[in-house]
Amino acid sequence: MGSFRPDATVRPAAAFYPPVSLLDSTMSEDSAQLAAAVAAVRQHTDLVPEVALVLGSGLGALADEVEDAVVISTGDVPYYPGSTVEGHAGRLVLGQLAGRPVLVIQGRAHAYEGHSPRALGFPIRLAHALGARGLILTNAAGGVNPAFGPGTLMLITDHLNLSFLSPLTGPVGEGETRFPDMSNPYDEAWRMRARNIALTHTIPYREGVYVWTAGPSYETPAEIRFFASAGADAVGMSTVPEAIQAAALGVPVLGISTITNPAAGLSVTPLDHSEVLEVGRAVRDRLATWVRAIVAEGV
């Protein structure tokens, strides 16, 4: 988790963040942690993002396109779950993208890093508390559908949560629905606009179902055959907890996967994280063009 060391040699005295026990006693622990995180961000900027974007493995370069950017290390945000994976920078970037105020979450936390399910939703709760009214999730994924080769951009239509974890486990957070409806986890109206934008910009894409596993090991060939029989087109180790958290807060979600490699059993070569990063870099221009145009149109 992000630390809150009151060390003036690391951050200015004004950036002292009290432990939960010293915050408003009427607040729940969850609300108090979120309030401390919001206060930390507001020491740097008062920008209210319209859209929050979460950038997956190898896709972080899009954050470099944010104008008038204020960059905050997630390690300087109290209670924020830290990221330890190559390709995940661990930064919050607030500024303007395609003429819209945005929050870019450059790097994400994963269950396999030891974070609790509740912690996986913290960045989304923070984005919502800062004012974001829409959430764009990107990720790197393995291709379960053999027609989806490396470099394919896949618009997520639905997901399978095969980790059986949820960021909503525990007390109901402020503004959350206890039992959120998940019949439209990736907003259909927003997906329709994304389709039209892709056609306008001649960006090839596919659509499909994403399955979440907790990781960190890649899946076995038998698991991939099972996923395919269940209707999955791509598999990865993120995104779903963020979509669930957004649904509980009433925030519409758009999801885009970059297929970086065939899943286990569909290729003769072993799976390797460096391949994930390499393909992510190769498609980032197409993905950036698509995301910029989606952001420009608004939520």
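Good morning. Among contacts in this chain between residues at least 6 apart in sequence, 81% join residues at least 24 apart, where contact means heavy atoms within 4.5 Å. The structure is a predicted model, in which local features need pLDDT of at least 70 and side-chain atom pairs count only at pLDDT 80 or more, while totals for chains, interfaces and linings use all residues. Residues are numbered from 1 along each chain as its sequence is written, and side-chain values use heavy atoms, with hydrogens and water left out.

Let me begin with the overall inventory. The chain holds seven helices and nine strands; these are DSSP runs numbered from the N terminus, helices being H or I with at least four residues and strands being E with at least two. Of its 299 residues, 52% count as buried. Here buried means under 20% relative accessible area, exposed means over 50%, and partly exposed lies in between, with a 1.4 Å probe and protein chains only. The chain exposes about 12,400 Å², of which carbon and sulfur atoms supply 55%; the areas come from the Shrake-Rupley method with a 1.4 Å probe, and for residues only the protein chains shown count as cover.

I turn now to helix α3, residues 122-129. Six of the eight residues of α3 are buried, so this helix is largely enclosed by the rest of the structure. The buried ones are F122, P123, I124, R125, L126 and A127. After α3 comes G131, with a positive phi near 120°.

Which helices pack against α3? One of them is α1, residues 29-42, at an angle of about 60° and with the axes 10 Å apart. Axes are lines fitted to C-alpha atoms, for helices over the stretch in contact, and angles run from 0 to 180 degrees between N-to-C directions. The α1 and α3 crossing is right-handed, a term used if the near helix is turned clockwise from the far one by less than a right angle, anticlockwise being left-handed. From α1, the residues D30, Q33, L34, A37, V38 and V41 meet F122, R125, L126 and A129 of α3. This contact of α1 with α3 comprises seven nonpolar residues, one polar and two charged. In that division Ala, Val, Leu, Ile, Met, Phe, Trp, Tyr, Cys and Pro are nonpolar, Asp, Glu, Lys and Arg are charged, and the others, Gly among them, are polar.

I124, R125 and H128 of α3 meet E242, Q245, A246 and L249 of α6. The contact of α3 with α6 divides into three nonpolar, two polar and two charged residues.

Helix α6 itself, residues 240-249, is mostly covered, nine of its 10 residues being buried. They are V240, P241, E242, A243, I244, Q245, A246, A248 and L249. Just after α6, G250 takes a positive phi of about 75°.

Next, some backbone features in loops. Where is the cis peptide bond? It runs from G215 to P216, with omega near 5°, and P216 is placed in the loop between β7 (206-212) and α5 (221-229). Two residues other than glycine also deserve mention for a positive phi. Y79 has phi near 70° and is placed in the loop between β2 (67-73) and β3 (91-97); at 7% relative accessibility, Y79 counts as buried. T202 has phi near 50° and is found in the loop between α4 (188-200) and β7; at 67% relative accessibility, T202 counts as exposed.

Finally, two individual sites. A288 lies in helix α7, residues 273-297, and counts as buried at 6% relative accessibility. A288 and L62 are 226 residues apart in sequence and 6.1 Å apart in space, C-alpha to C-alpha. Not counting residues up to four places away in sequence, A288 touches L62 and E65.

T260 is found in strand β9, residues 253-262, and is buried, with a relative accessible area of 1%. The side chains of T260 and N261 are joined by a polar contact of 2.7 Å. A polar contact is a pair of N or O atoms within 3.5 Å; within protein, one must be able to donate a hydrogen and the other to accept it, and residues adjacent in sequence count only if both atoms are side-chain atoms.

Thank you.
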